[in-house]
Amino acid sequence: MEDRIRDVRALLQAQLKDVFEQARDLGNRYLQEVMEANTGKEWSQKNTLQFRVRQRGNALSIEWYVVNWYGRKTQGREARRTYIPKRNSSRRRDAQAFGYRMEDLLRHTSGWDDDLVTAVESEASEYRRQAHYLADLLVTLGRLERFAKVPTQSQDEPKEYAS
């Protein structure tokens, strides 16, 4: 049974890595498109909404943040990142929030990038959902592995059945 669990764990971790790679590619495409569009815009029309993908162990985080610049250019500007929290629209306390509310994200756009942010967020929410369920499966698999190692009854003891 341990070999099967190891095989399933390897498959799930490979799938999680694939989800991470897809989300990272999405972030790179978004950044490239925004940077190309920002070069022709005035300072007030530039997109300051950024997208980041990180993986720590089996946890995958796909998050949005806003970059604000403080200070004068001659004195060295400082970039500050403000992360946008995911808000849960469900009344259930245990409900998962896999996506951002679009009004929270569109508050930080310039108007020309609304469609881009909407498309990226809809794809990113699917990656968040997949990563969440894969991580849950890996946790459950670890519990199963620990349960399988606990001896329930010695192999040498005779089994008694009620008649």
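Lys41 lies over the face of Trp112, 5.0 Å from the ring centre; a charge is taken to sit over a ring if NZ of Lys or CZ of Arg is within 6 Å of the ring centre and within 35 degrees of the ring normal. Arg80 is placed over the face of Tyr70, at 4.2 Å from the ring centre. The model is predicted: local features need pLDDT of at least 70, side-chain atom pairs count only at pLDDT 80 or more, and totals for chains, interfaces and linings use all residues. Residues are numbered from 1 along each chain as its sequence is written, and side-chain values use heavy atoms, with hydrogens and water left out.

Asn47 touches Tyr30, Val34, Asn38, Ser110, Trp112 and Asp113, not counting residues up to four places away in sequence, where contact means heavy atoms within 4.5 Å. Asn47 counts as buried because its relative accessibility is 4%; buried means under 20% relative accessible area, exposed over 50% and partly exposed in between, with a 1.4 Å probe and protein chains only. Its side chain reaches the backbone nitrogen of Leu49 at 2.6 Å.

The strands form an open sheet of three, in the order S1-S2-S3, with antiparallel pairing; strands pair if DSSP finds at least two bridges between them. Strand S1 (49–56) and strand S3 (78–83) are at the edges and have a single partner strand each, so one side of each is left without a neighbour in the sheet. Helices (H or I, at least four residues) and strands (E, at least two) are DSSP runs, numbered from the N terminus. Six bridges join strand S2 (residues 59–70) to S3, and Asn68 stands opposite Arg80 in S3.

Helix H1 (residues 2–38) lies across S1 and S2, running at about 160° to S1. Angles run from 0 to 180 degrees between N-to-C directions, the axes being lines fitted to C-alpha atoms, for helices over the stretch in contact.

The structure holds five aromatic pairs. Rings of Phe, Tyr and Trp (its six-membered ring) pair if their centres lie within 6.5 Å; planes under 30 degrees apart count as stacked, over 60 as edge-to-face and the rest as tilted. One of the pairs, Tyr30 with Trp64, is edge-to-face, at 5.2 Å centre to centre and 85° between the planes. This pair links distant parts of the chain, helix H1 and strand S2, 34 residues apart. Both Tyr30 and Trp64 are buried, and together with Phe51 they form one aromatic cluster.

Key:
Polar contact = N/O pair within 3.5 Å; in protein donor to acceptor, adjacent residues only side chain to side chain.
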